Amino acid sequence: MTIYGKDRLFIYGIEKILRQLSREKGSRFCSGEPAIYVTSGMDIMEMYSLFFSRPPAHYSIFISSERHFDSLSLLFPGLVKLCLAERLRVEELRQALEVMSLLSAQNQQPGYSHGAFKFTTAEQQIMRLLLRGYSVEDIARIRGVSPTTVSVQRNGLMKRTGTKSLQALCSLYTAMRA
């Protein structure tokens, strides 16, 4: 299994559990199987950068803060995933690893291809202007629409992408473009 993340102590613990499972179960826990994403200690920009630079395999485990579970579901629809809270117990992690290994072994799927969110031309323009620091009123003036229209479009983007703040939306958009 491939493990991605920043928290080296957390990752070391997962690697130790994987080694134990490998000894107990044999070669079933080898590389090329489900990926594990540990987002503990990462800010939202780092998370999105990780997800877009190393897209999840079809079977993936996400160890993250519970507040990010909805965003993960919206970011990766159709992906077979387990979202585990950062405060999980060792036995819960062992069970999750076994379940995902069994699923991936029994259901050989082609690699998951993540279709990135499609932004309309207007939405892209709004995002570029937001990233440059323009206010909703400034964007409305530039685009020749009302501030309410810009606000509705921005809120629609946040809902569609599962982001709960403007910072998260801008981070997601930046990571997608990188």
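**View 1. Salt bridge between Glu-46 and Lys-6.** In this predicted model, Glu-46 and Lys-6 form a salt bridge (a side-chain nitrogen of Lys or Arg within 4 Å of a carboxyl oxygen of Asp or Glu), their closest N and O atoms being 3.1 Å apart. Because Glu-46 belongs to helix H2 and Lys-6 to the loop between strand E1 (2-5) and helix H1 (8-25), the pair ties together parts that are 40 residues apart in sequence. Glu-46 is partly exposed at 28% relative accessibility; buried means under 20% relative accessible area, exposed over 50%, and partly exposed in between (1.4 Å probe, protein chains only). The model is predicted, so local features need pLDDT of at least 70 and side-chain atom pairs count only at pLDDT 80 or more, whereas totals for chains, interfaces and linings use all residues. Residues are numbered from 1 along each chain as its sequence is written, and side-chain values use heavy atoms, with hydrogens and water left out.

**View 2. Salt bridge between Glu-66 and Arg-87.** The closest N and O atoms of Glu-66 and Arg-87 are 2.3 Å apart. Glu-66 is partly exposed, at 42% relative accessibility, and Arg-87 is exposed, with a relative accessible area of 63%.

**View 3. Salt bridge between Asp-138 and Arg-141.** The N to O distance is 2.9 Å. Asp-138 and Arg-141 are three residues apart in helix H6 (residues 136-143), and therefore separated by about one helical turn.

**View 4. Crossing of helices H2 and H8.** Helices (DSSP runs of H or I, at least four residues) and strands (E, at least two) are numbered from the N terminus. The axes of H2 (residues 44-53) and H8 (residues 166-177), lines fitted to C-alpha atoms over the stretch in contact, come within 8 Å and cross at roughly 30°.

How values were computed: Axes fitted to C-alpha atoms, helices over the stretch in contact; angles between N-to-C directions.
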